[in-house]
Amino acid sequence: MDGPAVEAGRNQNHLGIHSRGRYAARRGVPRYLDMLARHGIKATFFMCGYDAELYPEIMREVLRQGHEIAAHGYQHESYGLGEREPELLEKTHSILADCTGVAPVGWCSPSGRKSELTLPTLKRLGYFYDASEKDEDLPYLATIGGRRVDDFVILPNNTVSLDDAPLYVQGQATAAEALRNWLEELDAVASGDGYIHFSVHPRAGYGSGTPARAAAVDEFLRSAKSVPGLHFATLRELAEHCLANPSRWQEPRR
Amino acid sequence: MTPALLVTVNIHGIGPEAASEDTDPRLLFGRLAHGNYAYRIGLQRLLDTFAALDVRATMFWPSSEAQRAPALFERCLSLGHEIASHGRSFEDHMTLSASEEADVIGEAHETLTRMMGSAPTGFRAPTGTLSSATIGLLEQLGYSYDSSFLDDDAPYSLSEDGGRSMVELPWNEGLSDATHFRRRLTQDRAESFMTEEFDALRSVEPYACLTFHPRADIGVARTARLPIVGRMIERARATGLKPRTCAELAKELAGAGQ
């Protein structure tokens, strides 16, 4: 969602030019819930603890509509957290679990950073997947405390090509150009290479909450549905599928 | 709400650099003096364009800019455009204390009132930032609208933000010239972005807020860029949006109990 938690993490209020996160609550998330319902697709919503505190009803509505909620930092922390990291992971975990009655089992780093404390803490809290790595296009079993485990899986993302923010910010792409890029990625997967892990942010500014960019996502989902044999899954569903047969995912390209 | 097109202008001359360079405006030259284009050429070009299109725009004037360019201010007034407050001297309102902000907003309000002969009823944050006290201060001064937020596709009541009798007329970054020219896009690409944004927004709400600047660096006032203004306004008109001033729209929404 990347709501006002992002501004909070930057020490900004949520007013005026800093209200792009509020757009996610007012327009973006509702727009995406409608879009996903129309397409019959279930998604994973990465939520910040701070956004759940501000908008508990949004969290509950996301679950009511059959989607998954996973953890995404407290205030979308963009810096290394040092010794504070476990406490913040626990804080967001409690907020999300208490708010909806469903404990998250997956996490994605808001900044792309991890430390040696991250996976052990998540495992202790009952998580069984992390979606922060970018070094594969297939799932693989995690290594925690120096040992490869069979009950925690890495579901890599691709936040360069299959994310909206880098294309719109650094890439200065129009929505039409971003869509074209994603459709080319879809062709690669349709020809048998890996999976698509597609990440968008229903906020204004760097995200795809606003109408022109939301329309690009809408069209991408429509095109994805027409690829023969392509299945949609939440990250939790994918993780459960992999962990039902862990030996297959030690070396995914075996 | 009648389908509404807001044509808004942020009157930025030398003000942003005067505020951020922390220097006497008379000592700003070259790449620090882009703002002078607004006074010499830019704003007059926009006024001529609006006259040719029969559009009344909303001009957000910082009181410091009004004092620097009183003749241009007078011309906006006499041509029938709405004059609204754009703060005093490009202060970052998020960093002001409560009393500092009351002074800044109050002084801007008094200066504009004196120069206009009537009180402004609308505000847009000069650097985009507000404090948690801003809307409340404006409400006390009798403002009917703010236009500083990016968090909706259509107007909404500011009652939850301290403005019980005010409405928010949100602006849209994609429909602002500065968003594109600030990152040095060519004018063709800037216009592609603006039309892509407008077409999608129009299919969602009967509301669009265009924002233009009279400078040549971040603004649309160069001869080569100026036709974009007419094309966007005509594009909007063709979809049934009627150009309104912000004050007119705010009044209609207040009457409808929004």
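Two residues are in contact when they have heavy atoms within 4.5 Å of each other. The model described here is a predicted one.

## Surroundings of A:H72

A:H72 is located in chain A, in the loop that lies between β2 (68-71) and α5 (85-100). Its relative accessibility is 8%, and A:H72 therefore counts as buried. Leaving aside residues up to four places away in sequence, A:H72 touches A:D2, A:F46, A:M47, A:C48, A:W107, A:C108, A:S109 and A:P110.

Polar contacts also involve this residue. The side chain of A:H72 makes one with the side chain of A:D2, at 3.4 Å, and one with the side chain of A:H76, at 3.4 Å.

## Helices α4 and α5 of chain B

In chain B, helix α4 (residues 70-78) packs against helix α5 (residues 98-116) at an angle of about 65°, and their axes are 11 Å apart. Because of this angle, α4(B) is roughly perpendicular to α5(B). The crossing of α4(B) past α5(B) is right-handed.

From α4(B), the residues B:P70, B:F73, B:E74 and B:L77 meet B:L112, B:M115 and B:M116 of α5(B). This contact comprises six nonpolar residues, no polar ones and one charged.

## Helices α2 and α4 of chain B

Helix α2 (residues 36-53) of chain B crosses α4(B) at roughly 5°, with the axes coming within 11 Å. The two helices, α2(B) and α4(B), are therefore roughly parallel.

Here B:A38, B:Y39, B:L43, B:Q44 and B:L47 in α2(B) meet B:L72, B:R75 and B:C76 in α4(B). Six of the residues in this contact are nonpolar, one is polar and one is charged.

Terms used:
Residues numbered from 1 in each chain as written. Chains lettered and ligands numbered in written order. Predicted model: local features only at pLDDT ≥ 70, side-chain atom pairs only at ≥ 80, totals over all residues. Heavy atoms only, no water. Axes fitted to C-alpha atoms, helices over the stretch in contact; angles between N-to-C directions. Helix = DSSP H or I, 4+ residues; strand = E, 2+ residues; numbered from the N terminus. Parallel < 35°, antiparallel > 145°, perpendicular 65-115°, else oblique. Left-handed = near helix turned anticlockwise from the far one by under 90°. Nonpolar A, V, L, I, M, F, W, Y, C, P; charged D, E, K, R; others polar. Buried < 20%, exposed > 50% of the residue type's maximum accessible area, 1.4 Å probe, protein only. Polar contact = N/O pair within 3.5 Å; in protein donor to acceptor, adjacent residues only side chain to side chain.
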